[in-house]
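Subject: Structure handover

Hello,

Here is the structure for you to look through. My notes follow below it.

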Amino acid sequence: MSALVQLIDVAKRYGDAPALHPTNLSIEHGKTTVLIGPSGCGKSTLLRLIVGLVRPDDGQIIFDGAPIAPDKIDIFRRKIGYVIQEGGLFPHLTAQANVLLMARHLGKPETETALRLSELCELTRFSKNLLGRYPVELSGGQRQRVSLMRALMLSPELLLLDEPLGALDPLVRASLQRDLKEIFGRLKQTALLVTHDLAEAAYLGDEIVLMNEGRVVQQGSIVDLREKPANEFVSEFINAQRALVLT
Amino acid sequence: MKTSTHENCRESRRLPWDASSVPYRGIFVAAFLIYSTAIVHPQPIVVGSKKFTESYVLGEIAKRAVSDAGIAVEHRQGMGGTIILWEALKGGQIDIYPEYTGTITQEILKRTDQLTFEQIANELGKIGIGMTNPLGFNNTYAIVMRRDRAQQLGIRTISDLQKHPELKLGLTHEFLDRHDGWRPLATEYQLNTRNVVGIDHALGYAALKSGEIEVKDAYSTDAKIAEYDLVVLEDDHRFFPRYDAVFLFRFQLSTEAISTLRKLEGTIDEQKMTRLNAEAERTKNYARAASLYFEVNPTGDSANLTALSSQVSGPQLEESFGHRLFRWTSRHLELAGLSLLLSVLVGIPLGIFASRGGAIGHVILGFTGIVQTIPSLALLALLVPLPFFGISARTAIAALFLYGLLPIVRNTATGLQDIAQPIQDSAAALGLEAGARLRKIYLPIASRSILGGIKTSAVINVGTATLAALIGAGGLGEPILSGLNLNDHATILQGAIPAAILALLVQWFFDLLDRVLIPKGLRL
């Protein structure tokens with residue numbers, strides 16, 4: 001397996017507070033990597049660094065074997081799909097216009113985009129009848145499905161999801177988790193997902209990266225983390241979440 | 001806009017309890033003063049004056065005379081035009097003010113026929129208002145030109161104007177609409193001048209000096225006539241009625257105060273009044289100009305009654321009301337519309353720059369904010385002397401444009417800054433270029449705020465455009481100004497009602513525009 005994204009000694013600080021200590025990380029082709037850890041551990045910052053919403057103070061980010069050129073950031077971003085917690089849908093556009101925005105902007109042929117749109121509707125289980133609705137007219141779960149379609153529209157090489165299910169109620173959340181797993185599998189999509197929920201990480205992730213206070217604490221499968229915790233924090237984090245499930 | 005208005009605040013009110021350095025004793029002294037004045041004079045006599053130099057000076061003279069007689073008195077300077085002073089006198093807010101017999105006949109008594117001095121006094125007496133005998137000078141209307149220009153064209157009398165219909169006339173709004181003003185004058189002298197604009201009196205002198213206008217109406221005792229070396233064209237048809245200065249007073253005034261006023265009768269001739277006016281305009285100190293009168297006039301002479309002889313105006317060539325209303329309204333819309341268009345074209349880009357914050361943003365918001373704090377009259381006055389502007393619609397549009405900027409700039413900036421961070425992140429992460437992000441995402445989302453700013457500017461502009469009439473730019477301010485000066489409610493309403501309706505229509509139009517321009521997704 002080769003790495004699609006490689007972080008080499010990437011560091012970021014906000015003012016005096018370090019958000020991310022020098023970090024090395026590889027995201028493998030075709031796998032789902034999950035970043036997990038408590039609030040403020042630097043997992044979202046890491047995601048934002050990759051898509052170029054924040055610039056690293058130090059280190060290098062390699063994408064597909066080449067460093068990201070800051071002057072071509074817009075073109076680079078079109079190879080990435082980005083989904084955030086509240087969806088980030090544009091309120092003045094319908095669901096369909098949100099999904100097709102970039103394709104239309106780039107002048108893709110209508111027939112091609114229409115075909116892709118119906119594929120995505122089927123993939124994300126989003127009813128085509130709802131495509132004409134505005135974001136305020138959709139439920140939270142429906143909005144996340146539209147957001148996912150928008151991210152997948154241009155068949156991105158990398159899909160970034162920043163707590164995409166964080167604001168949903170448990171039932172909707174469980175059904176979307178199942179759908180996400182199926183989508184990742186069908187598309188053989190390289191994905192990097194941020195969550196603070198261990199069960200979600202275990203269910204969706206091929207590779208789990210546990211972070212704390214701006215550092216990667218341990219990387220591996222859920223079994224590795226459970227059986228061979230790297231330190232006290234790892235076992236505490238895992239036990240805390242398991243205790244929660246049991247009670 | 002008269003040079004004299006900023007003097008209003010010169011006379012600071014000294015209240016007894018100002019003795020704050022010795023608070024305790026001060027309170028006793030103050031209490032005593034209030035108590036004693038309350039017993040002796042329930043209220044001081046109030047002298048009012050109109051908003052031009054001569055009226056201020058006459059008001060000061062009356063104040064000084066009454067106060068020298070040991071009566072408590074105060075002077076409320078420059079309260080406004082005829083309508084305001086007359087209503088205040090009738091209503092008892094003031095007790096005395098200087099007026100002119102011609103104005104009383106035409107504008108207060110609304111008479112077009114000749115009245116003798118006694119007839120005027122009788123008519124006023126029926127309303128409970130008294131009038132002194134003439135003070136001794138006749139401040140009538142005069143038509144003036146620059147001496148060099150008049151000599152060049154060989155103009156000496158008003159009749160001579162017939163031969164020069166191309167001359168540019170700048171006339172005060174009051175003169176334009178008076179029963180003894182421009183229209184009957186033009187009829188009497190058969191003038192067919194085409195270039196006539198309405199302009200504020202003081203600004204008109206500046207325009208005359210710079211040559212932007214060539215003929216102007218004036219008062220015969222204006223100090224500017226000598227200062228600018230102007231010639232008064234001879235009224236060879238004896239058209240203008242007499243404007244003998246008098247004091248009007250309420251009958252309720254004490255006999256002591258009335259007899260003091262009467263001592264002023266016949267003591268000021270034209271030459272003296274012109275000199276006092278010049279002194280007042282030179283020093284901007286009306287009390288000092290008034291004291292000059294007392295230095296050379298230790299005692300009042302006996303009355304020198306001047307008979308009234310007035311040439312009554314001929315038939316008037318009236319433009320129909322509908323036509324005038326159309327002309328005013330279309331001009332008004334032109335002024336407000338053009339300035340609003342400029343504000344939008346400049347304000348939105350400025351707002352976009354300002355939304356990025358930093359030093360430039362602060363400078364932009366600061367500048368537009370400062371412009372907003374300049375009083376509109378002052379802004380007009382500041383623009384008039386600039387080369388490109390002068391007395392024209394351009395100046396009015398420029399001023400309105402500057403006023404309209406702030407709401408648009410600020411609403412554009414805040415509308416853009418208020419866009420939620422996740423939306424901004426999503427737009428950037430999609431890979432849209434900065435320009436496309438602005439066009440396709442940010443501006444549509446901020447559209448409600450931006451349109452709100454434009455709506456505010458539009459309503460402000462429709463209101464403020466009434467001031468354009470002060471510099472001859474026309475619009476619905478024309479009848480409002482004329483009416484204020486003429487003591488004519490009907491004329492004021494001819495401008496005020498359409499202006500109010502226009503503001504409502506603008507509001508309604510923009511509400512409609514909201515439905516078209518704000519994306520549906522933001523209105524759900």
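A nonpolar core is a set of buried Ala, Val, Leu, Ile, Met, Phe, Trp, Tyr and Cys residues joined through C-beta atoms within 7 Å. A residue is buried if 20 or more other C-beta atoms, placed from the backbone, lie within 10 Å of its own.

This is a predicted model, where local features need pLDDT of at least 70, side-chain atom pairs count only at pLDDT 80 or more, and totals for chains, interfaces and linings use all residues. Residues are numbered from 1 along each chain as its sequence is written, chains are lettered from A and ligands numbered from 1 in the order in which they are written.

**Cores**

The largest nonpolar core holds 143 residues. Among those with the most contacts inside it are A:Leu160, B:Leu400 and B:Ile471. Contact means C-beta atoms, placed from the backbone, within 7 Å. Helix 17 of chain B (residues 393-417) gives the most to this core: 13 residues. A second, separate core has 40 residues, including B:Tyr56 and B:Val246.

**Chain B**

Chain B has 22 helices and 10 strands. These are DSSP runs numbered from the N terminus: helices are H or I, at least four residues, and strands are E, at least two. Of its 524 residues, 44% are buried.

**The sheet**

Five strands of chain B form an open sheet, ordered 7-6-8-5-9, with mixed pairing. Strands pair if DSSP finds at least two bridges between them. Strand 7 (196-198) and strand 9 (230-233) of chain B are at the edges with a single partner strand each, so one side of each has no neighbour in the sheet. Strands 6 and 7 of chain B pair in the parallel sense over 3 bridges. There, B:Leu171 has B:Gly198 as its bridge partner.

Technical notes. A residue is buried if 20 or more other C-beta atoms lie within 10 Å of its own, exposed if 12 or fewer, and partly exposed in between; C-beta atoms are placed from the backbone.
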